[in-house]
Amino acid sequence: MHSASSIPEEAECIKWSLAVPSTDSISKGSFLTKLVLFNEIILVAVLVVISAAISIGTSQFYSTTNILNILRDSSMAIIAGIGMTMLLITGEVDLSIGSLVAFVGVVTMDIINKTNSVFLGVLAGLSLGALTGLINGLVRTKLKVNSLIGTIAMMMILRGSVYLYKLEAAQNYHQLSSFYSIGNGYLGFMPIPVIIMVILYVVFLIILYRTVLGRRLYATGGNEIAAKISGIKVDNLKILTFVANSVFAAISGIILVSRMNSGQPNAGVGFELMVISGVILGGTSLGGGEGTLVGTLVGLLILRVINNGIIILRWNQDLQIVISGLIIILAVFIDNKRKVARSKIITK
Amino acid sequence: MAPDHDTVLDVQRISKEFPGVKALDAVDLKLNKGEVHALIGENGAGKSTLIKILAGVYYKDDGEILFDGDPVDIATPADSLKLGIKVVFQELSLIPHMTVGENVFLESFPLKKNKSIDWDALYAETKDILDSIGLDISPKTKIYKLTVSQQQMVEIARALSHEAKVIIMDEPTSALTPNEVEHLFKVIRQLKERGIGILYVTHKLEEVMAICDAVTVFRDGKLISSRNVSETSTDELVTDMVGRSIKTLFPRTHTGRGDVILNVRSLSTEKKLKEVSFQVRSGEVVGIFGLMGAGRTELAKALFGLDAVQAGNISIEGRELKLGSTSQSTKMGLGYLTEDRKGEGLVLQMSVAQNITLPSLEDISSAGFIKRKEESIRSQEFVDVFRIKTPSLRQKVMYLSGGNQQKVLIARWLMKKLKVIILDEPTRGIDVGAKAEIHRLIDELASQGLAVVVMTSEMPELLGVSDHIIVMCEGRITGEFDRESAAMEKILEAAIGQKEYRHAEQ
């Protein structure tokens, strides 16, 4: 074949190497350029390097307890991250999930205290999530308010509402062990939040990559008008994704309140930014149409491992936020580099 | 060439090439002081390219520009403005939330000694300029409060503040009422008297006759003729604009027509369409022609449910179509190939196969799960039949050429099994070879019994593919022709709103 027709094949190689890295794909360009092309691999490498660095600093890191701790601690962010990834894929964003986590926590605890029923409490929490998502979705699609603005407004509304609802923390008066175990219990050696996270993760991994719904999410974010012209009910799809995203956040909120054993009105501050940063670190684009749940998993794990490292190394905990910020800039920088490198190879 | 003292702008053998298109091929144009010079041609003739070169937006590949007899280099918009060339673009480039005065002096505010803006001078000078062109508004009015024609006058005032020697007007009357056009002409005559050369880009021949001294015709990026208006006629200009034998280029194999499939009655939209009615039969290709702003794309979008419809109704095979719902339209068997392939048609990050199957996902899935094997098999069929050049089905569609991207979009609709397809500018921006293939596909669509609507601004394409031709002008149908009775001259007359050709039947 002549050079002209071999160009797109090169692109093809790159795409497939993402799934199955093989030496065949490395044909042109420096090794470093090649490596930079595979986002998920880079991320895994970063995770490994950070873990190694921390374990040099302290032997505590590589203990089973600590690793299970990290997983338990990450599960809330990863659950919310699943919803956020899907929302970003459709080209929207939700900044209200941090406030929602607090509100859901307080309401859930309060209802359980009043009814002595874990089921009703959790149902109330999840319903509050679904309702919030529905409103976010309607504001975006019917009132045509940009979701960045609309969900900042929702963030304020929810935070204000939770204080109006209860100024003090909703303490656990019910002493129901089944509720306590949602956040703190184990099934075998696995923490229950991790099990919830893994189940949701696998289910939505399949939905996103194998179903009509998943394909439509990518199409909507990739080109909204094209999706519309193809007969996709773009508005309904977006509302559905907003609802899913808020329900995921509500699940995280329920796990959190169970772990803390009290519903704090000021919980979840900055939670939305941490989740969005992890998702973006995982390669999901803010512009819509692109993103993977694998990236989200690794991206959020990186942030949580850094967090854990700072704690067990007994560094100043305020460093967490600073370092997370720096990592975001680095991640976007690498992502840009990657895109340029990719287009260079393709146009060569 | 001897310098001509009356010539202010002398364009010599200018060429400009874009990937795949020779937009300008060694064209000449000579504009004299105090002359109104019309530049006319069909869409794609190269008019805009020349304007943009003169405005410093594009840079010429070849050729020379003499200004006042001296060779000049126009590399940036600032260069152009400095020379005294002012372009009044179709989309006006004023800043809506600034005042008239601020916009007029945007590039060079009058300053006091201490370098602060001399507002008194700014508004006084603006007032003088506005008076000189008979525009009776306060210089402190915000731009967004003005009508389009007033804004246009502000653009002209801006040109005068720069002491422009050449003013280029790009389709200046496209958004004006007849009264406003009269006022514009008055101002143009004043500018003439001041010795300003005006390049008047238009497709309205009656305006050429009314206001212009000389006229240059471009076609396919080439200079066709340059004459004095007094020595020519509209007929001659039309022939120059179109002038080629076309009929044999697009053989239609299929001519049999079936029942009426698409029936559009009195369709009106708020912005553009006025009482548009027509029918399309099974196996028939209806070509809809119109110049820029005639309402073709608006019609396509209203038909498909992308734009809101004010009045009228649409039925497919006798069943009423719910207006304003694209998902309903696709369910009823209506497909729309947009003119904006990348902006509205393709999902660029997705693969060839994923783009082809996008509207047909329900047909290749069970219980919501996509059957990947079936997706590959069915899209591969179309890749083979249409000869879509791609290394694999998994190739991202953004890496395909324009012609192949267009084939992907047509394949998308063929897989969906439609009754009606609307093709908006199906061959825009694709090379000649691929064009012929797309035309073959259009023929193929009709012979499969679809009702085909082709919106086009290209005359040869229109005459070549259509069984029936509808001409639009300013949102209305101004002409209807059968394949046999269609003649370019009549079509153009209808398109510029000079004459109407309506059938009694239909």
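The contact between the two chains takes 25 residues from chain A and 30 residues from chain B, where two residues count as in contact if their C-beta atoms, placed from the backbone, lie within 7 Å. This is a predicted model, in which local features need pLDDT of at least 70, side-chain atom pairs count only at pLDDT 80 or more, and totals for chains, interfaces and linings use all residues. Residues are numbered from 1 along each chain as its sequence is written, while chains are lettered from A and ligands numbered from 1 in the order in which they are written.

Let me stay with chain A. Helices (H or I, at least four residues) and strands (E, at least two) are DSSP runs, numbered from the N terminus. Helix 10 of chain A supplies the largest share of this side, six residues.

Now chain B. Its domains are domain 1 (7-242), domain 2 (246-333 + 418-506) and domain 3 (343-416), with bounds from an automatic or database domain assignment. The C-alpha centres of domain 1 and domain 3 of chain B are 45 Å apart.

Next, a sheet. Four strands of chain B form an open sheet in the order 12-11-14-15, with antiparallel pairing; two strands pair if DSSP finds at least two bridges between them. Which strands stand at the edges? Strand 12 (276-281) and strand 15 (319-320) of chain B do, each with a single partner strand, so one side of each has no neighbour in the sheet. Strand 11 (residues 260-268) and strand 14 (residues 311-316) of chain B pair over five bridges, in the antiparallel sense. Leu262(B) has Ile316(B), in strand 14 of chain B, as its bridge partner.
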